[in-house]
Amino acid sequence: MVKKIQVDFHGRPLSIEVGRVAKQADGAALVQYGETVVLVTAVAAKEVRAEADFFPLTVDYQERTFAAGKIPGGFFKREGRPSEKEILTCRLIDRSIRPLFAGGLRAETQIIATVLSADRENDPDVVAMLGASAALEVSDIPFNGPLAGVRIGRVNRQWVMNPTQSQLQESDVDIFLSGSRDAIVMVEGGARIVPEDEILEALFKGHEAIQPLLDYQEEIKRAVGKAKRQVPLIETDKNLLQSVEGLARDKILGAIAIGEKLERYKKLDEVKREVIEQAAQQFPEREKEIKASFDELKKKYFRYQIVHDRRRIDGRGLKDIRPITCEIEVLPRTHGSALFTRGETQALVVATLGTTSDEQKIDALIGEHYKKFMLHYNFPPFSVGEVKFLRGPSRRDIGHGNLAERALIPVLPPEEAFPYTVRVVSEILESNGSTSMATVCGGSLALMSAGVPTRAPVAGIAMGLIKEGDQIRVLSDILGDEDHLGDMDFKVAGTSQGVTSLQMDIKIAGVTREVMRDALYQAKEGREHILGIMNQTISEPCREMSSHAPRIITLKVRPEKIREIIGPGGKVIRGIVEETGVKIDVEDDGTVMIASNDEAASRRAIEMVQRIVAEPEVGKIYRGTVRKIVDFGAFVEILPGTDGLLHISQLAPERVRRVSDVLSEGDEVMVKVLDIDKQGKIKLSRKEALEEANAT
């Protein structure tokens with residue numbers, strides 16, 4: 001049965017259709033917003049993976065280039081590995097829907113969102129989020145939805161829901177929010193240093209905006225939704241759990257009281273082995289259930305300490321920040337570097353300055369664009385004491401890097417004031433919670449160390465949440481265990497004046513507005529504490545850049561002169577580079593950027609460019625080269641590509657019978673510009689140039 005809803009949603013037509021395409025999937029929705037169309041399918045395996053101790057959910061988002069009327073580049077002419085945009089959108093959908101599946105579900109489940117049409121104004125990620133929820137709602141997969149997502153912008157102080165790409169260019173807020181009927185589920189976005197009150201207002205506005213989308217999905221579900229399947233859920237044997245608790249309680253409490261992470265993990269592993277051996281005597285061949293019971297108890301005791309004793313495993317109070325140390329200029333050959341350590345989390349962050357040719361070209365559905373600022377995050381296995389193969393960046397690496405990049409962009413100087421391409425790389429050396437926020441702090445320090453004139457320092461902090469019944473505890477600067485065993489990971493970055501980036505992941509059905517408000521203001525308090533420590537190391541950008549960083553000098557020339565600078569086949573610009581060793585970038589608007597570590601070479605290159613683009617001035621004396629001799633005078637090149645006529649009467653104070661008596665082709669000669677007529681013809685005088693030289 002086909003069911004379709006068509007409505008107007010914030011000024012653009014929106015439609016949700018099910019039952020016409022992809023009918024063999026457990027659920028499928030074709031969603032169109034404007035002229036952007038996304039097909040989302042949901043399929044869950046009929047067999048349960050009883051051996052799995054997690055919910056095996058996979059979310060894939062794929063952009064087909066035909067959606068924007070493009071043919072892929074490269075040799076194969078087909079889509080290849082996912083772009084960063086596709087990976088980030090996968091994460092948005094995954095983090096939104098994962099908490100809403102039935103607890104204990106172990107059926108392998110896959111969500112695939114495929115962009116079929118892209119109008120380059122309405123971002124497909126919002127459409128894909130709605131499609132994922134709609135597909136799950138009409139399927140037989142146990143899902144506690146519906147939910148929906150919305151992008152929130154603000155243009156001219158007015159809130160805009162699902163702003164177009166052109167509106168986003170003017171917006172000072174760009175936040176993606178997903179939510180259920182009663183609570184916000186996931187937040188991801190950034191702002192241009194916006195105060196907490198206004199961020200909260202944005203979140204509340206966004207949650208209100210998605211309510212009609214939930215209504216539409218419920219209407220579709222009532223009309224064509226399938227009965228939810230009875231998937232066997234994994235349940236714990238109460239007798240076994242009680243037996244394990246009797247063996248493990250005191251040992252677990254003693255182990256989780258160890259403050260140092262690796263020692264705590266080592267002790268917990270020892271306790272776990274002992275308990276498994278003892279419990280296996282009473283419950284033979286049920287080792288897997290014993291392990292699951294042990295892990296469940298560990299989580300229970302961990303959470304109990306925080307909720308009832310207000311005591312965390314490392315002894316801190318709920319709002320306490322771990323000890324912080326900051327160092328800059330830790331590497332001798334880099335342009336800027338910083339080592340940021342917070343407890344057992346440590347990030348080595350390096351800033352590198354480049355030129356326009358170092359910009360990253362992005363070929364996206366919305367069109368080609370260039371990035372002048374890049375932040376890359378690397379999480380090697382040694383940072384958590386593990387051994388793993390080194391692969392390319394994971395989805396997590398890309399997501400954390402994007403979050404930190406977004407946090408720093410609002411404080412970067414405009415291109416006109418600082419024409420450098422900047423790359424920041426974060427190498428995580430130790431990890432015990434909030435490495436992305438350590439990257440933000442270290443990135444801010446590294447940029448200032450490199451001499452990048454940032455507007456203000458930026459710091460980040462990760463907040464956590466433990467909820468047991470009506471008891472709620474918000475934690476500042478969470479550990480890895482508090483993230484893993486807690487109910488929320490809420491990362492907030494910004495300056496002392498406001499928020500620049502935020503991200504929220506939850507593991508429960510949602511977070512109320514009141515909890516969100518408390519977490520955001522507690523994060524502000526923690527962020528200001530961290531900024532105070534960072535400012536003791538460096539409070540403003542270094543005035544001098546590293547001697548190893550390129551110096552970029554910007555010249556402005558008339559656009560029609562660009563051809564002369566480049567020369568036929570690039571001959572002229574190549575000659576300047578070969579002679580001086582500098583790097584030259586020329587923009588279409590006439591901006592010429594010369595970069596070099598050698599000041600003398602830069603000056604020489606500047607002189608060569610200025611000579612090429614210089615305009616002849618009446619009354620000015622030039623050193624020219626004789627290019628051609630004729631009976632009535634000589635043609636002298638006074639500037640590259642610019643010749644003037646030196647008449648025989650202007651060769652010398654005395655009368656000259658033949659030009660060749662005084663000059664030969666190739667001679668260098670000092671000449672004065674007498675006149676430039678309307679046609680651009682230049683009259684030169686050697687005689688007046690000599691007279692002026694003799695007079696001095």
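Phe-55, Phe-101 and Phe-143 form one aromatic cluster.

First, the ground rules. This is a predicted model, in which local features need pLDDT of at least 70 and side-chain atom pairs count only at pLDDT 80 or more, while totals for chains, interfaces and linings use all residues. Residues are numbered from 1 along each chain as its sequence is written, and side-chain values use heavy atoms, with hydrogens and water left out.

Now the overall picture. The protein chain has 16 helices and 29 strands; these are DSSP runs, with helices being H or I of at least four residues and strands E of at least two, numbered from the N terminus. The radius of gyration of the chain is 33 Å, well over the 26 Å that the globule rule gives for 696 residues, so the chain is more spread out than a compact globule. That radius is taken over C-alpha atoms, and the rule is 2.2 Å times the number of residues to the power 0.38. Along its principal axes the C-alpha trace spans about 125 × 60 × 45 Å. Of the 696 residues, 54% are buried, where buried means under 20% relative accessible area, exposed over 50%, and partly exposed in between, with a 1.4 Å probe and protein chains only.

Back to the rings. A pair of aromatic rings is described by the distance of the centres and the angle of the planes. Rings of Phe, Tyr and Trp (its six-membered ring) pair if their centres lie within 6.5 Å; planes under 30 degrees apart count as stacked, over 60 as edge-to-face and the rest as tilted. The structure holds 6 aromatic pairs. In one of them, Tyr-377 and Phe-379, the centres are 6.4 Å apart and the planes are at 15°, so the pair is stacked. Tyr-377 is buried at 3% relative accessibility, whereas Phe-379 is partly exposed at 23%. For Phe-418 and Tyr-420 the centres are 4.5 Å apart and the planes at 35°, so this pair is tilted. Both Phe-418 and Tyr-420 are buried.

Next, salt bridges. The cut-off is a side-chain nitrogen of Lys or Arg within 4 Å of a carboxyl oxygen of Asp or Glu, and the count comes to 60. Which residue does Lys-221 bridge to? The partner is Glu-137, with the closest N and O atoms 3.8 Å apart. Lys-221 lies in helix H5 (residues 211-224) and Glu-137 in helix H2 (residues 124-138), so the pair ties together parts that are 84 residues apart in sequence. Lys-221 is partly exposed at 32%, while Glu-137 is buried at 1%.

Asp-140 and Arg-229 also meet in a salt bridge, at 3.0 Å from N to O. Asp-140 sits in the loop between H2 and strand E7 (148-155), and Arg-229 in the loop between H5 and helix H6 (238-256), so this pair joins parts 89 residues apart in sequence. Asp-140 is buried at 16%, and Arg-229 is buried at 15%. Elsewhere, shared partners link Arg-312, Asp-314, Arg-316, Arg-322, Arg-342, Asp-477 and Glu-482 into one salt-bridge network.

Last, a single residue. Ile-533 is found in helix H12 (residues 513-537) and is buried, with a relative accessible area of 18%. Leaving aside neighbours within four places in sequence, Ile-533 is in contact (heavy atoms within 4.5 Å) with Ile-324 and Cys-326. The C-alpha atoms of Ile-533 and Phe-143, a member of the opening cluster, are separated by 45 Å.
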